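Let's take a walk through this structure together. Have the chains open side by side as you read.

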Amino acid sequence: MQAFKTPKQLQAHRKKIIESRPADRKAIAVCAGTGCKAFGSLSVYDVFQKTLKSSGLDKKWELRATGCHGFCERGPLVLMFPSGTLYQKVKPEDVDEIVEQTLVKGKTIKRLTYQDPVTSKWFRREQDIPFYKHQHRLVLKQNGMIDPTSLDDYLTIGGYGGFLKALKMRPAKVIDEVKKSGLRGRGGAGFPTGTKWEICAGTKATQRYVVCNADEGDPGAFMDRSVVEGNPQSIIEGMLIGAYAMGASKGIVYLRQEYPLAVQRLGLALESAREAGLLGKNILGTGFDFDIQINKGGGAFVCGEESALIASVEGRRGVPKRRPPYPAISGLWGKPTNINNVETWATVPLILDRGHKWFSSIGTEGSKGTKIFSLVGKVNNTGLVEVPMGMTLKEIVFGAGGGIPDGKSFKAVQTGGPSGGCLPESKLDTPVDFDTLVQEGSMMGSGGMIVMDESTCMVDVAKYFVGFLKFESCGNCTSCRDGLQRLYELLSDVCEGRASMETLDLIEELAGTIRATSLCALGTTSVNPVLSTLKYFRDEYVAHVKEKRCPAGVCKSLITYTIDEKNCNGCTICAKKCPEQAISGKKKKLHIIDQQRCIKCGICKDVCKYDAVIVA
Amino acid sequence: MTVQFTIDGLEVKAKEGEHLLDVARRHGIDIPSLCHHEAVEPIGACRVCLVEVRSGQKTTITTSCNFLVEDGIEVHTDTAEVRKHRAMNLELLLARAPKSDVVRKLASASGVTRTRFEPLAYEPLPNCILCELCVRTCDMLGHHALTTVGRGDKKRIGLPFNKPSDNCVGCASCLSVCPTQCISVKDTPTQRAIWGQKHDFILCKVCGAPVITKKHRDFAISEKGLPEDYYDTCEKCKQSAASKRFASVVW
Amino acid sequence: MQITCLQCVEAACAKVCPAGALVRNEETGAIEVLANRCVGCGLCEAACPFGHMHFDTQLRLAVKCDLCGGTPTCAAFCPHDALEIR
């Protein structure tokens, strides 16, 4: 790549490349995000490459290994342009057929297209599939269109247009643009991004920093990971715009070491941006200096908290510090530091490129734009969904998510990661935005969304998340460190049938103190799963306490496995699979479970084809 | 810059950048705390020094030790909310350090005489409340020998990687500042045992009594620049030597 | 002969104190221990050349003569007027 010396040179190159690659050119995008890679998408890509080459089709068809398309459950995904045909669960042995039938003859291979598990309808085009149809993809859409290692690919879809526009404005005007767009931080707290930039820029200093928080630690969440892996240049461009607006010369991306592909892709992207003269000294001859370094985090959940993140970057233990002073005034090494989340940075170029009016036309009064959620759990379509702010939980879970699998009924959805609240069916009409979710006892968080069905025990869920957070607490505050430990013990008492109604009162009392008196957001929000389940699913707690019964049949101490006389036909499979040899019975005779030996692992229930194993 | 606000109705003035607890104590208002020490930076670990701060429409419960004072705020140190949460945090600490007199006294002042939580088997430092005063003091002194190990419910105080540390000079300041006195320091006439390590004492050149550990003296000489012979005699022998010297001058 | 703290002009105790806990009281001229700042390291005791810095092993704090805030009780109570303040 040539080094661009002026904005004009970059603009000319962009124009040239956009013209040379018409939007309707033929292309195959094989998803090489982490999920599809795990399904073997790289071998699919390899076979495509060989087949296209040997058949000479590589001149006609452009082949791309792209970032995550979001529909991870159905990987490996192969998307074709410009037709929009989406093939899912593609195997390497399918490639020949795809080339022959679809690429050459233009025919659709029905079995590789998506069939809705609920309506049994078939869909050829990506945009028609309910999972995608309900989405409004601004940030994620680009993932499917580019090879994340290619700067030219990013330029083709309009990349660096936002930065070029920013360079024509005064820094204060750039901040103003972000402010007017109504963009709020995507990391969880939802602080207005433009205001944060303004404070940072307004603090007198010789050195300022911009930081990208890519320390995504929520169990089951991978929004940030997918953006860094799939479109690293968008983060670099966002940070460039921010650095220009705030007068920062150094940028840091705090990225989890457990995301090796993200580390690698971002590293490559930084190199090519440097080669192109988009990072370094005197960028595009404007006199603006800026460069970015990657700081790998060790995987502590608490390091996503900004003051702990700063401590970690400085080489200290990742322990949160009291704010104020806020990082925008005194952050890294005491200098004004602006910390934004991956999604926020990736959104900034779009706002600059298309204008604040366009952005603020999406979303609600108080929450503008779109938000990516990691939709997982007991839902038909798991994966990443990007929806406009204000969409209801119902539309997300039942629209994009396609509802609950196996004919089971919906019980709750947890938003906002491990410290989010669990909302019941009666709250499904809640619009998803920063303020409403908090009002309902949950939060936006960084965008985790876990769906639970009737087979989920809400006490067990609360216990699980408290267990996670007590392990991840930095241990600074008595209330969080000891409080969560004690809360975990009390919840275990409930799950194991040792609790009384006083235990529930103590749980509530203790949770109140943890929320009111802990220093950072990890502590203050940690009790959301407990308080929200106590509020919306109190009857389940009471059943555990008073009747010593787990209504969902999850808590091992309160359930027994027995075999139903009527349904058991003596097939012996349960006896064979029982790891404890707790099941006895002759062939074609009723089997019996020895309760002394049974460890309640549930394998017998899973293997029985005749629904003869009863949990009560 | 000076800021002006009220604590329990009392008008007080303070410098910008001061912490609320220091200002309150200067004005004779007692706020209980366990992890605060004037020699080191506050971290808000024990969550006992809670107060209620009203600012405009907003009322928050917060620790006072690390709260930077603001102009016009209204601070209340003894509201029902404050008492409730302080009592709960003290109950948690009482379960952690049931044998500590300091914790028991503070807890009972908050009406907590027993804890509803199971006793915590806390090794290797029974009664440690993880206030980190030892770690902060060790850092402030420039030794950097102590640290917290692990996180969450596994957090402990100890030497890095639980290995003997060259940085520890055996000064025992960690014990001096420890509110629950849970750190073990054992002195013999010639050695001090602390943090699983043994340190030789400098012995008084007159009577042979221990003066200070060798490593501590070496640290002091290199850091503070006093001559070596300042550290070679014990307190009593120095006193009598000084008396004799003065007597010979006067008479 | 009994002597007490000389309140040295260049006080070794204050010089070695790492916590800034030994400070001269400008009114009385005495060097005083700020008990809330003292971290009990014992350096001052080892450093005082006259043996008048004392480390209290019970309180684990430094203790010294502060001239009783300007009116030393030792002088007031001496039955033979052997002590005087000048």
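This is a predicted model: local features need pLDDT of at least 70, side-chain atom pairs count only at pLDDT 80 or more; totals for chains, interfaces and linings use all residues.

Residues are numbered from 1 along each chain as its sequence is written, chains are lettered from A and ligands numbered from 1 in the order in which they are written, and side-chain values use heavy atoms, with hydrogens and water left out.

Let's start where chain B meets chain A. Here 35 residues of chain B are in contact with 31 residues of chain A (contact means heavy atoms within 4.5 Å). About 2,700 Å² is buried between the two chains, and carbon and sulfur atoms give 49% of that area; buried area is the accessible area (1.4 Å probe) that two parts lose on being put together, summed over both. On the chain B side, Arg47(B), Arg151(B) and Asp153(B) lose the most area to chain A, together 24% of what that side buries. Asp153(B) also forms a salt bridge with Lys470(A), with the closest N and O atoms 2.7 Å apart. The interface of chain B and chain A has four salt bridges (a side-chain nitrogen of Lys or Arg within 4 Å of a carboxyl oxygen of Asp or Glu).

Now turn to chain C and chain B. The contact takes 29 residues from chain C and 32 residues from chain B. The area buried between them is about 2,600 Å², with 60% given by carbon and sulfur atoms. Between chain C and chain B the count of salt bridges is zero.

Finally, the rings. There are 16 aromatic pairs over all chains, where rings of Phe, Tyr and Trp (its six-membered ring) pair if their centres lie within 6.5 Å, and planes under 30 degrees apart count as stacked, over 60 as edge-to-face and the rest as tilted. How are the rings of Tyr154(A) and Tyr160(A) arranged? Their centres are 5.4 Å apart and their planes at 90°, so the pair is edge-to-face. Both Tyr154(A) and Tyr160(A) are buried (buried means under 20% relative accessible area, exposed over 50%, partly exposed in between; 1.4 Å probe, protein chains only). Phe398(A) and Phe410(A) make a tilted pair, 5.9 Å centre to centre with 55° between the planes. Phe398(A) is partly exposed, at a relative accessible area of 38%, whereas Phe410(A) is buried, at 8%.
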